[in-house]
Amino acid sequence: MPTRDTSPFDFISPLDSRYYGPEEAFFAALHPYLSEAATILYQLRVEQALLAELEASGVAPAGTSAALAAALAADPVTAAEVYAEEERIHHNIRALVNCIRRRLEASPRAQGFVHLFVTSNDVMDTARALALRDVTREVLLPDLHRLMEALVGAARRHADTVQIGRTHGRHAVPLTLGYWLANYVDRLGLRMERIARAAGDLRGMVSGAVGAHNSFALRWPDDPAAFERRALARLGLKPAEGGVSTQVVQPEFVADFAHALVSTFSVLANLADDYRHLMRSEIEELGEKTRRVGSSTMPHKINPKDFENVKSLWKAAMPRMATVYMDQISEHQRDLTNSASGRFLNELVAVFAYAVRRLDKAVRATVVSLPALERNFEAGRQWTVAEPLYIALALSGEDDAYEIAKRLAEECRDREMGLLDYLHTPEGGKIVDRLAPELQRVVLDPRRYLGDSASRTRLVCDLWWGGEAGGEAGTTGAGGGEAGESGESGETGDAERPRGRVNPLDRLTAPLAARPLDAGAAGGASSAGAAGDAQARPSPVPGAMG
């Protein structure tokens, strides 16, 4: 084991040197779940649950769990100790087992029951399911919930703020700024549910060397899989549907979880792209108040770097999904071709988590320019009337309504005249006169051609976040502030508001909460024991083993 002192800047990965290492709050949030130290402590937790179930089943001596818990409280197992033992014997899980057995030297008979019946991946795969479930409950979903709060607040605030629509980068027909955001509220809400569902469906495994419960049949010949069900229940997990596995847990559960993250990440990248495009100099409907340096040579520059960072992180993370898919393949009952690659899954989770926080911060710092929205709408309104004109003519009985509207638009371009201006001329008025009065009003005033933008925005926000009985949700900033405003989040009286599908947060996190058996094992000993206590203390050096 290396003995040198290290800092985040000694590591190769930018994840450590730029994001996870230097940012203390982010480090503190993820370390208990995704660090190597946490991985070992989760594996220790699984070993404790297995030992507790052996005791409850009458295999291990009474008091074994309590003895181990007391020993771990006095002398916690550290990642550094396990790694040192692995360096000696060249096997990671047997190294952990040896470290546990040392704590039971005062009870030699109990030592032999540590890791009895099970294989390494029973411990490793089950521990990973626990860690991913917990980081989803404690970090990912709460952070996504906060981002959703910002988006809902901005969407509601600007439900009626007219914006020119854009397709293919060109002006289309009007909508509202809130409706643009409502699309992301709807997409993100569904993704949050998918993440929660995938995390809740992560499975454990206690099935032995080839997954067929061979070793357990020596003790429980009538139902060798019963021990697996009971042991996993202590951790709030289940085996696969048919109770079958190889030496590794069925990989589709982790693949589904990773896909839920990556597909959500794609929504975030899309949102970040839209924000930064609306900050372009020629658009400037959105902006931000900042005094940070934007260029090493152009002092005036203000760049949408936070949104660009989210898009860039997505580019780094998204292709890792291909590795997750490749890790579904393991020959026969197991090979080691997914061992190294599988260790990088936590990096995918960490990059996603960082992007969520970065995007939330960026959205909340954004301000809306109403003058720019008006300017851009005015620039497009001459031509956005083409679609309502075509449809109104069709509704009025014109057989070639589309061709009439298209020809008029082309002729107006040739004459360098706006189509709306043309419709206000005597010649154009003859065409308008073919329409019913209620259709004329819409054609001649593009602000009326908004469809259900405003009402649909409010419906979507209510669907995912709940009603507004307690006041408007979200922020006055968050892309919801107007030119020069940027506000902070405000709570909205959840008790008075109808519930939404992702609000309050416990609608998503409650199914992922620790089960009663997490807190107590046979004989009253904690199944987490000293592992839980040690887990709460992050390593003083990011990446250090212990």
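How many helices and how many strands make up the secondary structure of the chain? The chain has 26 helices and 5 strands. The model shown in these views is predicted.

View 1. Of the 546 residues in the chain, 52% are buried. Among contacts with a separation of 6 or more, 76% are between residues 24 or more positions apart.

**View 2. The second largest pocket and the residues around it.** This pocket holds about 580 Å³ of space. Its lining consists of 19 residues, and those nearest its centre are His171, Ala172, Trp383, Ala386 and Arg413. Helix H19 supplies the largest share, with 6 residues. Sorted by class, the lining of the second largest pocket has 10 nonpolar, 4 polar and 5 charged residues.

**View 3. Phe27 in helix H2.** Phe27 sits in helix H2, which spans residues 24–34. Is Phe27 buried or exposed? Phe27 counts as buried because its relative accessible area is 9%, and the cut-off for buried is under 20%. Ala350 is 323 residues away from Phe27 in sequence, yet the C-alpha atoms of the two are 9.8 Å apart in space.

**View 4. Thr161 in a loop.** Thr161 belongs to the loop that joins helix H8 (120–157) and strand S1 (162–167). Its relative accessible area is 16%, so Thr161 is buried. Which residues does Thr161 contact, leaving aside its neighbours within four places in sequence? Thr161 is in contact with Leu175, Thr176, Leu177, Leu370 and Leu373.

**View 5. Two cysteines, Cys99 and Cys412.** Cys99 has a relative accessibility of 0%, so Cys99 counts as buried. Cys412 has a relative accessible area of 2% and is therefore buried as well. How many disulfides does the structure hold? The structure holds 0 disulfides.

Definitions and conventions:
Residues numbered from 1 in each chain as written. Predicted model: local features only at pLDDT ≥ 70, side-chain atom pairs only at ≥ 80, totals over all residues. Heavy atoms only, no water. 1 Å grid on protein atoms, 1.4 Å probe; cavity = no way out; pocket = protein on both sides within 12 Å on 5 of 7 lines; lining within 4 Å. Points joined across faces, edges and corners; volume = space filled by probe spheres on them. Helix = DSSP H or I, 4+ residues; strand = E, 2+ residues; numbered from the N terminus. Nonpolar A, V, L, I, M, F, W, Y, C, P; charged D, E, K, R; others polar. Buried < 20%, exposed > 50% of the residue type's maximum accessible area, 1.4 Å probe, protein only. Contact = heavy atoms within 4.5 Å. Disulfide = S-S within 2.5 Å.
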